[in-house]
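Please look over the following pair of chains and work through the questions below.

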Protein chains: 2
Amino acid sequence: MTDTFTFTVSKTDGAARVGEIRMPRGVIRTPAFMPVGTAATVKAMYLDQVKGLGADVVLGNVYHLMLRPGAERVARMGGLHRFMNWPFPILTDSGGFQVMSLAQLRKIDETGVTFQSHIDGSTYVLTPERSIEIQGLLGSDIQMQLDECVRLPAPDEAVEKAMRLSLRWAERCRIAFGDQPGRALFGIVQGGTVERLRVESARALVGMDLKGYAIGGLAVGEPQAAMLATIEAVEPHLPADKPRYLMGVGTPDDIVEAVGRGIDMFDCVLPTRAGRHGTAYTRFGRLNLKNARHADDPEPLDAASTCAASNTYSKAYLHHLVRSNEILGMMLLTWNNLAYYQDLMAGLRKAIGEGTLADFVAATKEGWAKAARDGVADGAG
Amino acid sequence: MTDTFTFTVSKTDGAARVGEIRMPRGVIRTPAFMPVGTAATVKAMYLDQVKGLGADVVLGNVYHLMLRPGAERVARMGGLHRFMNWPFPILTDSGGFQVMSLAQLRKIDETGVTFQSHIDGSTYVLTPERSIEIQGLLGSDIQMQLDECVRLPAPDEAVEKAMRLSLRWAERCRIAFGDQPGRALFGIVQGGTVERLRVESARALVGMDLKGYAIGGLAVGEPQAAMLATIEAVEPHLPADKPRYLMGVGTPDDIVEAVGRGIDMFDCVLPTRAGRHGTAYTRFGRLNLKNARHADDPEPLDAASTCAASNTYSKAYLHHLVRSNEILGMMLLTWNNLAYYQDLMAGLRKAIGEGTLADFVAATKEGWAKAARDGVADGAG
């Protein structure tokens with residue numbers, strides 16, 4: 001193990017890269033999908049299952065953890081790794097995005113954001129410095145700058161103002177973070193879907209020489225084409241030797257497309273949230289297990305999968321569990337979905353390493369399309 | 001493996017017995033606790049965990065399964081064992097008890113019971129013959145006769161009437177069940193807390209020469225003393241060479257007391273239901289993890305347990321999960337509770353085998369009492 005944070009690209013295929021982030025708590029194989037562990041748990045999963053599927057890193061949410069159980073309490077319990085029993089790398093967001101989407105009575109100024117908890121209404125202040133302090137109390141390995149996320153659509157002026165505030169907050173986070181060997185602070189490129197703002201944001205952040213760069217403010221309902229165009233606009237301005245993280249993305253198809261455009265890291269609640277609501281992601285596309293057509297289907301989700309949730313239980317049984325609101329249904333579908341996501345990432349890494357990404361992507365998409373034609377799936381990947 | 005159903009008592013200690021039920025799908029070590037798998041799932045558990053804890057048999061509920069997914073559908077899917085992926089013995093109840101407690105607009109006559117589903121209001125008829133047919137469609141290894149359970153308190157006349165109807169239904173079930181090598185039909189002793197009715201019921205059932213005998217209609221809110229008195233009244237009238245099953249019982253203390261009075265089999269939703277509601281059963285009694293006093297406790301539920309749910313996670317973490325309504329909290333507490341119940345049964349079996357039951361019971365109760373004195377527990381066992 002190393003006491004430093006390093007990122008090495010071992011192979012490229014077009015804009016796509018395969019590589020490794022090495023840090024004291026472990027190696028993150030990229031492109032990586034990071035399961036979301038919002039409140040110190042990847043919902044409905046044991047963390048040894050999550051690791052067993054190939055996840056090298058999970059994500060924690062500052063907003064949730066600062067409200068409950070509280071960052072200082074987690075620190076007293078030995079930090080987030082020990083608290084949730086996950087000794088491998090953890091990435092934490094800054095809290096900014098969820099303050100915007102979940103908290104009540106927000107007030108943003110140069111200093112930071114004041115908000116009321118959605119749990120009990122009590123008032124909190126989150127500044128760039130406090131966000132870094134919280135992420136330090138949690139013991140996070142990869143920490144994110146505080147940023148302002150505007151709801152789209154918004155006037156360009158509002159997007160620009162938020163982007164510039166986020167740059168000033170990035171600099172304050174950089175100073176607050178200081179020099180922490182083996183840990184990393186990532187900046188977040190903002191600017192909505194306005195190319196010149198995205199480019200300005202990227203260039204300014206790169207000037208701060210951070211350990212990695214995220215693209216934020218996407219996956220908020222815009223068309224996939226707009227998301228991909230933004231990645232294409234930003235990517236040339238990010239250094240090739242730093243990891244690139246597309247925040248909050250996405251569907252399997254989003255991930256495949258973004259990897260092809262040079263993205264190294266992803267997080268998304270989709271596989272876990274969809275799993276709790278009866279949806280399975282598979283090589284055959286998306287299945288809605290609530291659908292009555294699965295009620296008598298003796299076949300598993302994917303007989304060729306190595307995941308017990310995918311290869312053992314009939315769709316009829318999963319349908320029954322979902323219809324009965326049984327917790328096991330949520331457990332099995334979440335497990336299947338994270339298995340599929342990790343298998344997809346492993347497939348992408350292998351294909352990039354072998355220089356066959358185009359073939360892999362074509363075969364993956366054909367798998368979804370064929371299942372749709374055959375009526376196996378309820379939706380694409 | 002055997003193609004017959006056999007029960008062997010290997011050792012007794014007072015009225016308590018240790019033994020084995022052998023049947024084609026496996027051996028049930030008695031005294032046995034049977035986790036409840038109502039709707040073809042032991043809620044919030046993977047069945048390999050349930051087996052790993054030492055459970056030899058799980059229970060399925062005819063009422064729930066006949067409504068959803070339907071007995072004929074389960075049969076088409078290869079039976080309940082294959083449907084839920086549990087190749088070991090399954091005991092099914094007859095549906096009678098839950099028709100009384102859950103269904104709407106019940107009408108009971110000599111034929112059987114007509115009721116409306118609590119799920120969609122549709123009408124079903126459950127006769128003794130249909131109950132046995134359903135249990136056969138499910139592929140149940142140990143089947144229960146249909147009985148009428150009256151809500152207590154009730155006039156003796158009503159209790160007597162229900163007991164006699166249950167005897168006539170037992171005979172109809174016996175005929176419907178016929179001769180099924182390797183499977184068993186159990187009769188159910190009824191009669192409320194009226195000793196002469198219980199004795200009459202037991203004697204009549206024993207006259208039918210069934211493979212095992214249950215005591216029903218208890219654990220419905222009566223004091224523990226009334227339950228134990230009823231066991232003591234019935235036990236001398238049950239043959240020593242047949243298993244005795246106390247239905248729906250109970251707390252760890254109930255189980256300890258009933259084993260000492262000659263009971264071999266138990267089922268209860270308590271460990272699973274309590275686990276989903278924040279309660280842990282341990283060697284140190286009952287803990288309510290919702291309680292704020294656990295918020296900063298770095299200790300696990302039981303460091304000496306071999307169950308990961310009991311020995312790994314801090315009470316502070318479990319408290320956080322329970323307060324946050326996280327599914328993992330339900331998963332871990334259910335797992336801990338079933339581990340404790342199975343450990344208790346293993347301890348009882350070992351003590352009976354060694355002729356040290358009184359010491360084991362005293363030590364178990366002292367563990368609960370000491371924790372209560374020390375303020376460790378929120379309640380007794």
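**Loops, backbone and interface**

Asn325(B) sits in the loop between helix H13 (315–323) and helix H14 (327–354) of chain B, in what is a predicted model.

Q: Is Asn325(B) buried or exposed?
A: Asn325(B) is not a glycine, yet its phi is positive, at about 55°. A residue counts as exposed when its relative accessible area is over 50%. Because Asn325(B) has 61% relative accessibility, the class that applies to Asn325(B) is exposed.

Q: Is Ala44(A) buried or exposed?
A: Ala44(A), a residue other than glycine, has a positive phi near 70°, and its place is the loop between E4 and helix H1 (47–52) of chain A. Residues under 20% relative accessible area count as buried. Since the relative accessibility of Ala44(A) is 0%, Ala44(A) counts as buried.

Q: Which residue does a cis peptide bond join to Pro69(A)?
A: Pro69(A) lies in the loop between helix H2 (62–67) and H3 of chain A. The cis peptide bond there has an omega of about 10°, and the residue that it joins to Pro69(A) is Arg68(A).

Q: What is omega for the cis peptide bond that joins Thr30(A) and Pro31(A)?
A: Most peptide bonds are trans. Pro31(A) is found in the loop between strand E3 (26–30) and strand E4 (32–34) of chain A. The bond that joins Thr30(A) and Pro31(A) is cis, with an omega of about -5°.

Q: Which residue of chain B does Asp297(A) touch?
A: Asp297(A) belongs to the loop between strand E16 (285–288) and helix H12 (308–311) of chain A, where a polar atom of its side chain lies 2.9 Å from the backbone nitrogen of Glu299(A). Leaving aside residues up to four places away in sequence, Asp297(A) touches Ser314(A), Lys315(A) and Ala316(A), and from chain B it touches Met77(B).

Q: Which three residues supply 20% of the area that chain A buries against chain B?
A: The contact draws 37 residues from chain A and 37 residues from chain B, and the two chains bury about 3100 Å² between them, with 59% of that area on carbon and sulfur atoms. The three residues that supply 20% of the area buried by chain A, more than any other three, are Tyr46(A), His320(A) and Ile327(A).

Q: Which residue of chain B forms a salt bridge with Lys43(A)?
A: Across the interface of chain A and chain B there are 6 salt bridges. In one that involves Lys43(A), the closest N and O atoms are 2.6 Å apart, and the partner is Glu326(B).

Q: Which element gives the largest share of the side of chain A that touches chain B?
A: Between the two chains, 18 residue pairs are in polar contact. The elements that give two or more residues to this side of chain A are helix H3 (71–76), helix H4 (80–84), helix H13 (315–323) and helix H14 (327–354). The largest share, 6 residues, comes from H14(A).

Q: Which residue of chain A comes closest to the rotation axis?
A: Chain A is superposed on chain B by a rotation of 180° with 0.0 Å of shift along its axis, at an RMSD of 0.0 Å. The two copies are therefore related as by a two-fold rotation axis. They meet through the same surface, because 100% of the interface residues of chain A are also interface residues in chain B. With its C-alpha at 3.8 Å, the residue of chain A that comes closest to the axis is Ile327(A).

Key: Residues numbered from 1 in each chain as written. Chains lettered and ligands numbered in written order. Predicted model: local features only at pLDDT ≥ 70, side-chain atom pairs only at ≥ 80, totals over all residues. Heavy atoms only, no water. Contact = heavy atoms within 4.5 Å. Buried area = accessible area lost by both parts, 1.4 Å probe. Salt bridge = Lys/Arg side-chain N within 4 Å of Asp/Glu carboxyl O. Polar contact = N/O pair within 3.5 Å; in protein donor to acceptor, adjacent residues only side chain to side chain. Helix = DSSP H or I, 4+ residues; strand = E, 2+ residues; numbered from the N terminus. Least-squares fit on C-alpha atoms with pLDDT ≥ 70 in both. Buried < 20%, exposed > 50% of the residue type's maximum accessible area, 1.4 Å probe, protein only.
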